[in-house]
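This briefing goes through a two-chain structure by topic. Please have the sequence and the coordinates open while reading.

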Amino acid sequence: MGVAALFLRDLRLVWRRPGDVAVVLAFFVVATVLFPLGIGPESNLLARIAAGVLWAAALFASMLSLDRLFAADYEDGSLDLLLLAPWPLELLALAKCAAHWVVTGLPLALLAPLLGVAFGLDDSSLGVLALTLLVGTPALSLIGGLAAALTLGARRSGALLALLALPLCVPTLIFGASAIEATATGESFVVHLAILAALALVSLATLPWAIAAALRQAGE
Amino acid sequence: MAALHFLANPARFRRFSQRVLPALWIVTALALAIGLYWGLVIAPPDYQQGDTVRIMFLHVPTASLSMAGYLLLAALGASLLVWRHPLAALMARATAPVGATYAAVCLITGSLWGRPMWGTYWVWDARLTSYLLLFFLYLGHIALSRAYDDSERGDRAAAILAVVGAINVPIIKFSVDWWNTLHQPESILRLGGPTIDPSLLWPLLWMMGAMALLFVALVLLRTETEIDRRRLEIAENED
């Protein structure tokens, strides 16, 4: 099936050039490390801001990796073939976003608890941090995928992509960070996580159509 | 609906708007003059807020109109995507900067009001934050529609963004409300809602109408300019 083939192709492309993913993860680590350096090493304060800092850094890291999501296909003509392919473009767009999530969202979710330790988060918060990133980053990949598709061939597309995607990512950021904060103050994180999952599912159900529409008008 | 399709032809629309616009400017100027005099001079100062309440006469209309402007932008985007009305693209291009300016005026007047009333220019109040995000959505739309050498591509990309953005506006609003109540439940720094005195309510409603007229007049004027600009572009490409 073409959709699976496209998904595997994108993974294989990354596998053959792992440096691209490594750069994004390194950016995530370096960006988070700057906060203690800027704010000061006081551990209470760091534990208090850890959720927001890690989530915002994860958001920036996934935006950073998105500008190449469709751009390479657009430049070498693969996108035209995808537009002509007999499979629904919505599914193909979804396959590409899923591949993006596997190579950025998933590693970010696995890496974040390690950085959380450095920020002095307690054990239960670390688990919730990984869980929220696991649930929330698919929404980021889809929203960013839409922004990437809209900015294909635009001038200054990288900065434009961030300007388009970041306001739309605000709900995800809010509920991702608030779930961790709720855990830290001893409340239940389930409500926040459920809303986060709802946001991800709404993105999953709607954004592939928008991405496909954007890709079609880019291919015209 | 038939009238809308009739006006969807840019040349026809331009003739129509050139006929309407001069009268509309006069009505708008009169309405604004009356509204401002009513609000700034005749209306009594508030018993608690004093004269700072007069900022409301600019603040509240720009707030509702910038929100309505984004809905208009989404409707124009949808009609461009569905019917490919060429005028919808030009009008969206004309609407976005006006809406962004209204949102900016709303934020600026809000912070000027906040300084004497709350003691600070900016609080991370849910309402303020969601208007800030609305302003960013406008900026994204403006930047995207002008980011292509082929302006029709920019129009279509911006149309998709406007539709997705309009679906997201209530979600953003809801999540920002939630976010704020989670962090600082005590700071419900809001006016008394609908319990506003008629002596202030009537000038406010009047100003709402006047600012709406100004919005429409600006959009019509800018649409005319966009039609001319597009004609020049086409003429240049032919040479």
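In what order do the elements of chain B run from the N terminus on? They run α-α-α-α-α-α-α, which amounts to 7 helices and 0 strands; helices (H or I, at least four residues) and strands (E, at least two) are DSSP runs, numbered from the N terminus. This is a predicted model, in which local features need pLDDT of at least 70 and side-chain atom pairs count only at pLDDT 80 or more, while totals for chains, interfaces and linings use all residues. Residues are numbered from 1 along each chain as its sequence is written, and chains are lettered from A and ligands numbered from 1 in the order in which they are written.

**Chain B overall**

- The C-alpha trace of chain B spans about 65 × 40 × 30 Å along its principal axes.
- Of the 239 residues in chain B, 38% are buried (20 or more other C-beta atoms within 10 Å of the residue's own; exposed means 12 or fewer, partly exposed in between, with C-beta atoms placed from the backbone).
- Taking contacts in chain B between residues at least 6 apart in sequence, 79% join residues at least 24 apart; a contact requires C-beta atoms, placed from the backbone, within 7 Å.

- Helix 5 of chain B has 20 residues and reaches 29 Å from first to last C-alpha, close to the 28 Å expected at 1.5 Å a residue (the expected span is 1.5 Å times one less than the number of residues).
- Helix 5 of chain B is mostly covered, with 14 of its 20 residues buried.
- The axes of helix 3 (residues 56-83) and helix 5 (residues 126-145) of chain B come within 11 Å and cross at roughly 40 degrees; axes are lines fitted to C-alpha atoms, for helices over the stretch in contact, and angles run from 0 to 180 degrees between N-to-C directions.
- Helix 3 of chain B is therefore oblique to helix 5 of chain B, since angles under 35 degrees count as roughly parallel, over 145 as roughly antiparallel, 65 to 115 as roughly perpendicular and the rest as oblique.
- The contact involves B:Ala63, B:Ser66, B:Met67, B:Tyr70 and B:Leu73 of helix 3 of chain B, and B:Tyr131, B:Leu134, B:Leu137, B:Tyr138 and B:His141 of helix 5 of chain B.
- By class, this contact has 8 nonpolar, 2 polar and no charged residues (Ala, Val, Leu, Ile, Met, Phe, Trp, Tyr, Cys and Pro count as nonpolar, Asp, Glu, Lys and Arg as charged, and the others, Gly among them, as polar).

**Interface of chains A and B**

- In the interface, 20 residues of chain A are in contact with 22 residues of chain B.
- On the side of chain A that touches chain B, helix 7 (123-150), helix 8 (157-184) and helix 9 (190-219) of chain A each supply at least two residues.
- Helix 8 of chain A gives the largest share of that side, 10 residues.
- That side of chain A has 15 nonpolar, 3 polar and 2 charged residues.

**Single residues**

- A:Leu25 is in helix 2 (residues 19-39) of chain A and counts as partly exposed because it has 17 C-beta neighbours inside 10 Å.
- Not counting residues up to four places away in sequence, A:Leu25 touches A:Pro107 and A:Leu111.
- A:Arg156, in the loop between helix 7 and helix 8 of chain A, has a phi near 45 degrees, a positive value in a residue other than glycine.
- B:Arg84, in the loop between helix 3 and helix 4 (86-118) of chain B, has a positive phi of about 55 degrees although it is not a glycine.
- A:Arg156 is exposed, with 11 other C-beta atoms within 10 Å; B:Arg84 is exposed, with 11 other C-beta atoms within 10 Å.

Methods: Contact = placed C-beta atoms within 7 Å.
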